[in-house]
Amino acid sequence: MTDATHLVQLLTVLVLAVFVGFEVISKVPTTLHTPLMSATNAIHGIVLVGAIVVVAALFGSPVHGPALTALAIVAVAFGSINVFGGFAVTERMLQMFKRKSGPR
Amino acid sequence: MSGAALTFALLDLVAVALFIIGLHYLNAPPTARFGNRLAMLGMLVALVVVLVGSLNVGWWAIAVGMVVGAFIGIVAALRVKMTAMPQMVALYNGAGGGAAALVSTVELAVARSHGGALDPVVAVSLALSATIGAVSFAGSLVAFAKLQELMTGRPVTYAGQQLVNGIVAIAVALLLAFFVARLGIAPAWVYPGLVAAALLFGVLFVLPIGGADMPVVISLLNSATGVAVAIAGFELSSTLLITGGALVGASGTILTVAMSKAMNRPLTNVLFGAFGAAGGAEPAAGAKPQNVRSVSVDDVAAMLAYASKVMIVPGYGMAVAQAQHSVKALADQLEKRDVKVLYAIHPVAGRMPGHMNVLLAESNVPYEALLDLDDANAEFSTTDVALVIGANDVTNPAARTVKSSPIYGMPILDVDRAANVVVLKRSMRSGFAGIENPLYELANCSLLFGDAKASVDALVAAVKIL
């Protein structure tokens, strides 16, 4: 597979994901916009996967040193804050959204 | 592709599918929690795959980062007050942007160690992801500082601001172009210079935006972080990062556009217009005092108790006063007397999209009682009392009628069409836009002065003994 084909494949994934994102998210009602934002915070926490890949690459590379290791650890920590904090706060908010309930 | 690699790739696809289905279920409150859990499951799958794949390589660094990040994230998530959600989301946006920039920085060092020029795709995506990530990181920190009131929440402006911002933006663009043109073998100062300029731009571009424009900035930064992550996916050839980032980019963009629309201002005007800076920052010097009617707690209590339909219109003032629980207590008292209580939520009420809804959900208001702009406006003509709590500009009828008004054309809540309007206000200070609200001079409008929470608590007590 040439580099160009690979690039086109990645671009295809990007464009389709953008379209799907617009379709799916435009149906989220305004009342859920705050949980939507915190849930998407958690989803862009997927950068944690990138951070982990980069740590592994760094440790197998000759430039491996304390400064870069520190930066990589901070990247992992930032990504983890997004993933764990984002999902936890979304869960906390969503459990507050209740229907009309109980005896009236 | 080896068997293991194929399995990993397929599992990544499962993770992406779970994100999308999860977001789909966020389309209604009853299914939203299920949706969030599906997205969590997707993330778990993605993390297990990458952790298994990088076993034994730098595991301690990964463990340290993850434990620290997870601890901070979870503690913050459990402790944050619902009124403080906007600054929390700002910090999360910043963390995501920062992570994307750091990933690119480390990746650059690793890629350079192989010697020679970078692959063009890697060079472009690396530089773009670092730039956007750094802008989002710095911008989010400023937004956080504004929302947390570590600095003034009002727009920070100075002479020549647009020129300075323009110069910094051009510097960012030139450094970016230089880095890409040399495919990463530019002089050593270029990349740090690029990141520094991007950080500076992030600070400068958020400084002049403030107050009621915050929902737009938060949404925009959310979108920017998504884009930075998606682009980082290109440098690592990761479809996971590309899709995850793209979904967030799309979400942030939708919210940004929705917020701009709700203010009837093009995005460029929000970003570069500095509402209130172009002369309005001083609340209309020399404005004549408005002729308003002030009422007592007992009058309002009687008005509410004998109404058949009451519409509560919350704004940022309710959040500041932490009055949401008192508001719910008042609604309970009224409902006991068979008064129908509904809530009218303007899209830009508060400091982030959906801010009021979360606060009212926290105090157990059922989400069916929360009406959005159009539904609420259809109800006002049959409403006996519209009770405005800490909202101002979003109720200003000048937006409908006064062509010269800075907010002319902005969709507002037509509270003036209710039989009676009661506005809970701290003082006669004008709203964020620095403009007078002619609503207060209308014959059917009266004002109850005082702290929102104290006023509502007094109303609860007064309604109880009626």
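## Chain B overall

Of the 466 residues in chain B, 55% are buried (20 or more other C-beta atoms within 10 Å of the residue's own, with C-beta atoms placed from the backbone; 12 or fewer is exposed, and in between is partly exposed). The model is predicted: local features need pLDDT of at least 70 and side-chain atom pairs count only at pLDDT 80 or more, while totals for chains, interfaces and linings use all residues. Residues are numbered from 1 along each chain as its sequence is written, and chains are lettered from A and ligands numbered from 1 in the order in which they are written.

Chain B has 17 helices and six strands (DSSP runs numbered from the N terminus; helices are H or I with at least four residues, strands are E with at least two). Its radius of gyration is 25 Å, close to the 23 Å from the globule rule for 466 residues, so chain B is as compact as a globular protein of that length (taken over C-alpha atoms; the rule is 2.2 Å times the number of residues to the power 0.38). The C-alpha trace of chain B spans about 80 × 50 × 35 Å along its principal axes.

## Contact between the chains

Chain B puts 95 residues into the contact and chain A puts in 83 (two residues are in contact if their C-beta atoms, placed from the backbone, lie within 7 Å). H4(B) gives the most to chain B's side, with 18 residues. That side divides into 61 nonpolar, 28 polar and six charged residues (nonpolar: Ala, Val, Leu, Ile, Met, Phe, Trp, Tyr, Cys and Pro; charged: Asp, Glu, Lys and Arg; polar: the others, Gly among them).

## Helices H2(A) and H8(B)

Helix H2 (residues 33-44) of chain A packs with helix H8 (residues 214-235) of chain B at an angle of about 20 degrees, and their axes are 10 Å apart (axes are lines fitted to C-alpha atoms over the stretch in contact, and angles run from 0 to 180 degrees between N-to-C directions). The contact is made by A:Met37, A:Thr40 and A:His44 on H2(A), and by B:Asn222, B:Thr225, B:Gly226 and B:Val229 on H8(B). By class, this contact has two nonpolar, five polar and no charged residues.

## B:Leu371

B:Leu371 lies in strand E3 (residues 370-371) of chain B. B:Leu371 is partly exposed, with 18 other C-beta atoms within 10 Å. Its C-alpha atom is separated by 5.8 Å from that of B:Tyr343, 28 residues apart along the chain.
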